[in-house]
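Have the structure open as you read, and go through the points in order.

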2 protein chains.
Amino acid sequence: MHNMSESESSAQAAVYQKPFSRAEFASRIGDTKRRMEKAGFDLIICQDPANMCWLTGFDGWSFYVPQCVLVHLEEEWPIWFGRAQDRNSARFTTDLPDENILPFSERLVQHPSEHPYDELAAFIRKKGWERARIGVEMDAHYYTARCHAHLTSGLPDARFTGNGDLVNWARLVKSPRELELMREAGRICTHAMNKAIAAIKPGVPQNRVIAEIYYAQTMGVPGAGGDYAAICPLMPVGEGTSTPHLTFSDAALPNNALAMLEIAGARRRYHAPLTRTIYLGRPPAEIADVAKTVVEGVDAGLQMAKPGNTAETVEAEWQAVLRRHGLKKESRAGYSVGLAYPPDWGERTVSLRPGDRTELQAGMCFHLQSGVWLSDWGVAISESFIVTDKGGERLCDAPRELIVID
Amino acid sequence: MHNMSESESSAQAAVYQKPFSRAEFASRIGDTKRRMEKAGFDLIICQDPANMCWLTGFDGWSFYVPQCVLVHLEEEWPIWFGRAQDRNSARFTTDLPDENILPFSERLVQHPSEHPYDELAAFIRKKGWERARIGVEMDAHYYTARCHAHLTSGLPDARFTGNGDLVNWARLVKSPRELELMREAGRICTHAMNKAIAAIKPGVPQNRVIAEIYYAQTMGVPGAGGDYAAICPLMPVGEGTSTPHLTFSDAALPNNALAMLEIAGARRRYHAPLTRTIYLGRPPAEIADVAKTVVEGVDAGLQMAKPGNTAETVEAEWQAVLRRHGLKKESRAGYSVGLAYPPDWGERTVSLRPGDRTELQAGMCFHLQSGVWLSDWGVAISESFIVTDKGGERLCDAPRELIVID
């Protein structure tokens with residue numbers, strides 16, 4: 001390109017600004033290798049896009065085709081494996097040396113009999129790792145039954161086991177830089193929630209409220225532009241509040257009804273989710289009472305969110321408040337959050353529920369999904385928080401009450 | 001609830017409007033069962049959210065936990081299997097009889113050793129189907145290696161095989177009602193693309209353009225509100241245009257550089273994707289020339305998109321135009337589109353590429369992803385279209401040229 005040199009240099013600067021230092025990635029790899037040694041793995045294969053990003057910085061919407069990051073105990077850097085046309089995404093977004101960026105053949109995309117992981121298995125054999133103890137992410141969202149079948153049949157002498165979400169667990173305690181991004185995500189979420197609340201009125205089409213949320217989530221706040229969230233804005237309405245995952249339509253918001261909002265702020269893929277419940281009209285006393293109990297339960301749960309306490313104690317404290325008021329939440333009361341890609345902003349590790357005895361440490365982040373879903377309606381008023389010595393530090397600052405639009 | 005009866009009835013109307021008639025679902029199930037008989041399956045288990053929706057109408061953002069729809073030859077209706085708290089989503093969005101809505105225990109969500117599909121296997125045994133010929137979706141995005149392991153170990157006497165994406169193939173030719181939604185999706189996409197083009201200027205932060213796109217995608221057009229798209233708006237900038245799946249940041253758009261937009265309009269989960277390329281400044285002749293070739297190639301490809309021709313002939317015609325101008329596209333030139341959920345708006349069936357001899361039929365829909373990615377830049381100007389007797393009918397109506405913002 002004769003006349004691209006000037007524009008190229010100006011463009012290159014704009015391509016990608018890395019959110020983390022090389023040193024932080026080196027420390028993550030070191031931590032991961034220590035966990036691998038302890039668990040008895042020579043090699044782990046990570047397809048969870050959040051794990052790929054955490055290990056290398058790799059970012060892009062290419063997770064709909066097979067791709068992964070390999071960490072081998074004897075390799076200094078991880079190896080990125082993905083589609084040829086996404087190779088430049090790996091070059092732009094990671095610090096990996098070029099020889100660790102491994103593209104697969106384009107013709108293998110959605111091929112009926114062959115699979116990209118045939119080439120991955122061949123690569124692993126070529127490296128002499130064909131008898132390795134290999135840990136795979138059996139339940140990562142995009143690691144399909146077919147991915148596993150091609151990988152294991154291409155490496156018949158390797159010892160495959162699930163790696164117990166080893167990297168997800170390594171992500172649990174956030175670094176200072178990660179906490180900066182989580183706090184920015186919290187501010188973005190507060191901004192988007194306030195915009196949503198301001199837009200909600202009987203007669204307004206649901207999708208107009210959602211459009212305001214998307215706009216605010218994406219614009220972000222001064223100094224912190226938004227990123228796409230791992231889940232679309234959820235807004236069950238009326239009897240729809242009895243179930244948490246209905247998405248929006250273009251129907252008008254009703255009068256004398258509940259609406260529930262569950263959204264996140266996202267900053268460089270770090271997520272702070274939040275739920276609020278709105279009553280359009282004058283709320284029946286029963287709903288207002290449940291809302292008060294939920295807020296009281298959150299306050300109690302957050303007080304327990306200190307280092308040394310276990311995950312289940314946060315849930316127990318919240319559930320105790322519910323019980324005093326004759327209520328109960330069937331599903332888990334929360335989960336670890338942070339770096340995330342669709343379809344979920346949870347980290348698939350710690351759950352705030354009975355039996356989860358994970359010891360809390362400063363810098364862990366959770367979404368306390370404090371909601372009560374009854375047979376034909378529900379109320380949820382949640383908080384995302386960081387575990388600190390003083391208890392849970394809220395990431396968002398939206399009104400802590402049933403929001404009444406009368 | 002003593003005082004909810006009035007609000008309930010007004011709210012219920014707002015919960016969910018079904019986009020398809022009961023008759024259309026009956027016809028889809030009939031078609032699916034004929035394909036099952038032909039392929040030798042008693043039972044298929046579908047976890048692809050688009051297949052679940054196409055078979056039953058089920059809609060909601062709950063696909064981050066294991067869930068599926070079962071079709072058995074001897075059952076009149078499909079069976080929905082999912083998380084207890086999502087059961088009401090199935091009640092609202094489907095016509096399934098209540099006994100065909102099967103919830104799994106909440107404690108199984110992200111459980112380290114047990115799995116929801118343990119309960120699914122137990123249900124299948126209870127139905128007396130434990131020796132059935134079962135077809136699973138080996139490569140559906142959320143059908144993980146762990147889902148498959150629990151299902152097969154819970155049904156040791158069943159005969160499991162991949163079902164060859166049987167339902168995805170059944171979705172290929174769209175019904176008249178589906179084509180209505182596809183055309184509405186196309187109009188939404190045109191609207192969003194025009195808003196994006198109007199917002200693009202050097203110095204404008206990338207995320208502001210994306211915010212405008214989200215707003216327009218969600219608002220939709222008069223009479224057709226938007227739905228969330230299966231892929232976030234993609235906008236590689238500068239040298240980033242050399243790779244297609246980079247997402248946005250809050251960096252300012254540069255001057256004298258390329259930007260590429262890939263977005264979809266979505267209407268009731270039906271997608272019309274579109275790509276356009278923008279030059280900020282006066283485009284170098286080489287880029288303008290490639291853009292002209294790409295547009296010419298699309299026109300040629302669309303002329304071939306008639307019933308009776310094969311998928312590969314569309315690609316060949318487009319590639320022939322490129323070749324005449326000394327260019328080549330390495331990756332497939334397009335793919336079937338329609339009903340979709342994250343992470344992909346493609347249907348994972350027909351690809352417009354050499355070797356795909358699928359015979360085109362009226363009512364199939366494709367995204368002709370007519371882009372050329374070179375080593376340090378790329379140009380893509382695509383079209384989504386319906387196969388008709390007159391060739392490809394465009395779903396969108398955005399400017400068919402390199403868009404110059406000078």
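1. Start with N256(B), which comes out as partly exposed at 32% relative accessibility. To find N256(B), look in chain B at the loop between α9 (206–219) and β7 (257–267). Its phi is near 50°, a positive value in a residue other than glycine. Bear in mind that this is a predicted model.

2. R348(A) sits in strand β10 of chain A, and with 10% relative accessibility it counts as buried.

3. Next, the prolines. Going from P342(A) to P343(A), the peptide bond is cis, with omega near 10°. P343(A) belongs to the loop between β9 (334–341) and β10 (344–351) of chain A. In chain B, the bond from P342(B) to P343(B) is cis too, with omega near 10°, and P343(B) is in the loop that links β9 (334–341) and β10 (344–351) there.

4. Finally, have a look at S382(B), in the chain B loop between β13 (378–380) and β14 (383–388). S382(B) has a relative accessible area of 0%, so it is buried. What does its side chain make a polar contact with? The partner is the side chain of H367(B), at 2.7 Å. A polar atom of the S382(B) side chain also lies 2.7 Å from the backbone nitrogen of T275(B). Other residues that S382(B) touches include L274(B), R276(B) and Q369(B).

Conventions. Residues are numbered from 1 along each chain as its sequence is written. Chains are lettered from A and ligands numbered from 1 in the order in which they are written. This is a predicted model: local features need pLDDT of at least 70, side-chain atom pairs count only at pLDDT 80 or more; totals for chains, interfaces and linings use all residues. Side-chain values use heavy atoms; hydrogens and water are left out. Helices (H or I, at least four residues) and strands (E, at least two) are DSSP runs, numbered from the N terminus. Buried means under 20% relative accessible area, exposed over 50%, partly exposed in between (1.4 Å probe, protein chains only). A polar contact is a pair of N or O atoms within 3.5 Å; within protein, one must be able to donate a hydrogen and the other to accept it, and residues adjacent in sequence count only if both atoms are side-chain atoms. Contact means heavy atoms within 4.5 Å. Lists of a residue's contacts leave out its neighbours within four places in sequence.
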